[in-house]
Amino acid sequence: MKHFFIASLLLLSSGASAQTQISKYRPGITPEGAIYFLPKTALRIVVQIEKTTYTPGDLAKYSERYLRLKDVEIEPSVSYRVTSIGLTSIGIPDTAKCYAVLFNAKTSASNIVLSEDGILQAINTDIKQPALPAAFTPAKKPERLNPRQFMNEETLAAGSTAKMAELTARDIYDIRESRNLLNRGQADTMPKDGEQLRLMLRNLDTQESALMQLFTGTTVKDTTEQVIIYCPQGEVKQELLFRLSRRLGMVDKDDLAGQPYYITVDDLHSLPKAAPAVDDKADKRKKKEHENGIYVNVPGKIKVSITKGTALMGSFELYAAQYGYTELLSGDLFNKRYTTRLSLHPVTGSVEKLEAEQPK
């Protein structure tokens, strides 16, 4: 197995005088062998944003006069805020780590499993595909109340908005008085049991909430999900990840109307330095291992921090392929004396399982 130049396995031996044809590189398996990528680790950052929409009530300007409510907004508004930030990792092809393995009669490395984008996943064994992230499903909105369904005939027939506000406020006070009498056991008609009492109190609460909407307005909250794919490389210090405007939601990175959120990636240097490269000319045995072996990743550990100004929004530690090094599994593992099964981690390209059985 060798580090592979793109055209190598795409040529068929048709004589020394045959003209070399270069075709566009495509990873995959051919009768002669297989070309594969190792993965590098990308970050799938999930940002949940809550949108709050306020709609003033039709009687909002009378709130203080009839209900003694101060600071009731009379203008509609929309605002956004980040409620949570989550992070998972995914594997994407690392085009700098493109290798080839040649099939021959002396090797058992013939049953090779690649992902759709050419990442090596397994040899001589089946794999279980990783589960896809669950689709975001917003919570079901509660059914909105219609205040006019709880108004009496006199209120609906009021000749002015001020008169309607006065009559509606009076109904609200009557509802509150009825609830207090029920709670004290002083109502003219008391319920027969506790369940009936709870039902009557619930109905009164519903009526009051509906009528109060005419004064205090309604607030509706919707949660949306934004997914950002970010592939780090090296140390990252306070790089702009996205911007969020309180009034506009998520905006472009260059839109100063949004407050910046930054990402920092620290290499935790969890691995010793990789062994020096093998000099193929000086060591024929090592050269043979390169020809028949399989490359895998040894990932390093990183810490990812996401901040809003000086406030920490999330901190995550994980393994990433590009912060480690590449290791060669000896071609001796895949000779005909053994039945070798190899599974690689789909995100980091590290060895997940390696079994070598000698035939009976």
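This is a predicted model: local features need pLDDT of at least 70, side-chain atom pairs count only at pLDDT 80 or more; totals for chains, interfaces and linings use all residues.
Residues are numbered from 1 along each chain as its sequence is written, and side-chain values use heavy atoms, with hydrogens and water left out.

Now for the rings. The structure holds four aromatic pairs, where rings of Phe, Tyr and Trp (its six-membered ring) pair if their centres lie within 6.5 Å, and planes under 30 degrees apart count as stacked, over 60 as edge-to-face and the rest as tilted. One of them is the tilted pair of tyrosine 62 and tyrosine 66, at 6.2 Å centre to centre and 40 degrees between the planes. Tyrosine 62 is buried at 11% relative accessibility, and tyrosine 66 is buried at 18%.

Tyrosine 99 and tyrosine 295 make a stacked pair, with 4.2 Å between centres and 15 degrees between planes. This pair links distant parts of the chain, 196 residues apart: tyrosine 99 sits in strand S4 (residues 77–102) and tyrosine 295 in strand S11 (residues 294–308). Strands (E, at least two residues) are DSSP runs, numbered from the N terminus. Tyrosine 295 is buried too, at 10%. Ring pairs also bring in Tyr36, linking Tyr36, Tyr99 and Tyr295 into a cluster.

Conventions:
Buried means under 20% relative accessible area, exposed over 50%, partly exposed in between (1.4 Å probe, protein chains only). Helices (H or I, at least four residues) and strands (E, at least two) are DSSP runs, numbered from the N terminus.
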